[in-house]
Amino acid sequence: MNYDTFVDQVAQRTRTSSERAVELTRATLETLSERLTGGEVLDLAAQLPKPLQLVLKPSPGTEAADRFGAAEFVARVGQRARLDENGARDAVRAVFTTLREAVSGGEFDDLVVQMPRDYREMVEPVLAPGATLRR
């Protein structure tokens, strides 16, 4: 999936402009890069378009993941994107759904395995083929 398609998909799922979709994607991917191990960030970045790779800031020297739960994940995205909790949760689901379509199934599964159970509400709807944002 190319960069423009990724952004367009997030914009459609969040019912917002492309410019805002870029902000939501950036906020979610930056937070995700903090939550994943360095190796997993590198693996994920390798399957994404260059502008999104730069957002993830993969570094082979950063192996440790910052361990935080889903509520903290949503809070960080909300702070970065200036959203309330519900808006941040919707943005995260939209970006996760788009990620699922953009990377291989195995890579997405590797990402999900690193997330604790409390992420299920955000991730499980994404695992269904053709998943769309719940409203």
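## Helix contacts in a predicted model

User: Which residues of H5 and H6 meet?

Analyst: On the H5 side they are Phe73, Val74, Val77 and Gly78, and on the H6 side Glu85, Ala88, Arg89, Val92 and Phe96. This is a predicted model.

User: How do the residues of that contact divide into nonpolar, polar and charged?

Analyst: The contact of H5 with H6 has 6 nonpolar residues, 1 polar and 2 charged.

User: And at what angle do the axes of those two helices cross?

Analyst: The axis of H5, residues 70-81, crosses that of H6, residues 85-102, at roughly 100°, and the two come within 8 Å. An angle of 65 to 115 degrees counts as roughly perpendicular, so H5 is roughly perpendicular to H6.

User: Phe96 is on that list. Is phenylalanine 96 buried or exposed?

Analyst: Phenylalanine 96 is buried, because its relative accessible area is 0% and the cut-off for buried is under 20%. Its place is in helix H6.

User: How far apart are the C-alpha atoms of phenylalanine 96 and valine 123?

Analyst: They are separated by 6.9 Å, although phenylalanine 96 and valine 123 are 27 residues apart along the chain.

User: Stepping back, how many helices and strands does the protein chain have?

Analyst: It has 8 helices and 0 strands. Of its 135 residues, 47% count as buried.

User: What share of the contacts with a separation of 6 or more comes from residues 24 or more positions apart?

Analyst: Such pairs account for 72% of those contacts in the protein chain.

User: On to H1. Which residues in H1 are buried?

Analyst: The buried residues of H1 are Phe6, Val7, Val10, Ala11, Arg13 and Thr14. Their cover includes helix H2 (18-35), helix H4 (50-56) and H6.

User: Does the length of H1 agree or disagree with the 1.5 Å a residue?

Analyst: It agrees: the 12 residues of H1 (residues 3-14) should span 16 Å, and the end C-alpha atoms are 17 Å apart.

User: What caps the N-terminal end of H1?

Analyst: Asparagine 2 does, with a side-chain oxygen 3.2 Å from the backbone nitrogen of aspartate 4.

User: Where does H1 meet H2?

Analyst: From H1 the contact takes Tyr3, Phe6, Val7, Asp8, Val10, Ala11 and Thr14, and from H2 it takes Ser18, Ala21, Val22, Leu24 and Thr25. The residues of this contact divide into 8 nonpolar, 3 polar and 1 charged. The two axes come within 8 Å and cross at roughly 95°, which makes H1 roughly perpendicular to H2.

User: What lies 2.7 Å from a polar atom of the side chain of threonine 14?

Analyst: The backbone oxygen of valine 10 does. Threonine 14 is in helix H1 and is buried, with a relative accessible area of 14%.

User: What about arginine 15, is it buried or exposed?

Analyst: Arginine 15 is exposed, at a relative accessible area of 65%. It sits in the loop between H1 and H2.

Notes:
Residues are numbered from 1 along each chain as its sequence is written. This is a predicted model: local features need pLDDT of at least 70, side-chain atom pairs count only at pLDDT 80 or more; totals for chains, interfaces and linings use all residues. Side-chain values use heavy atoms; hydrogens and water are left out. Axes are lines fitted to C-alpha atoms, for helices over the stretch in contact, and angles run from 0 to 180 degrees between N-to-C directions. Helices (H or I, at least four residues) and strands (E, at least two) are DSSP runs, numbered from the N terminus. Angles under 35 degrees count as roughly parallel, over 145 as roughly antiparallel, 65 to 115 as roughly perpendicular and the rest as oblique. Contact means heavy atoms within 4.5 Å. Ala, Val, Leu, Ile, Met, Phe, Trp, Tyr, Cys and Pro count as nonpolar, Asp, Glu, Lys and Arg as charged, and the others, Gly among them, as polar. The expected span of a helix is 1.5 Å times one less than its number of residues. Buried means under 20% relative accessible area, exposed over 50%, partly exposed in between (1.4 Å probe, protein chains only). A polar contact is a pair of N or O atoms within 3.5 Å; within protein, one must be able to donate a hydrogen and the other to accept it, and residues adjacent in sequence count only if both atoms are side-chain atoms.
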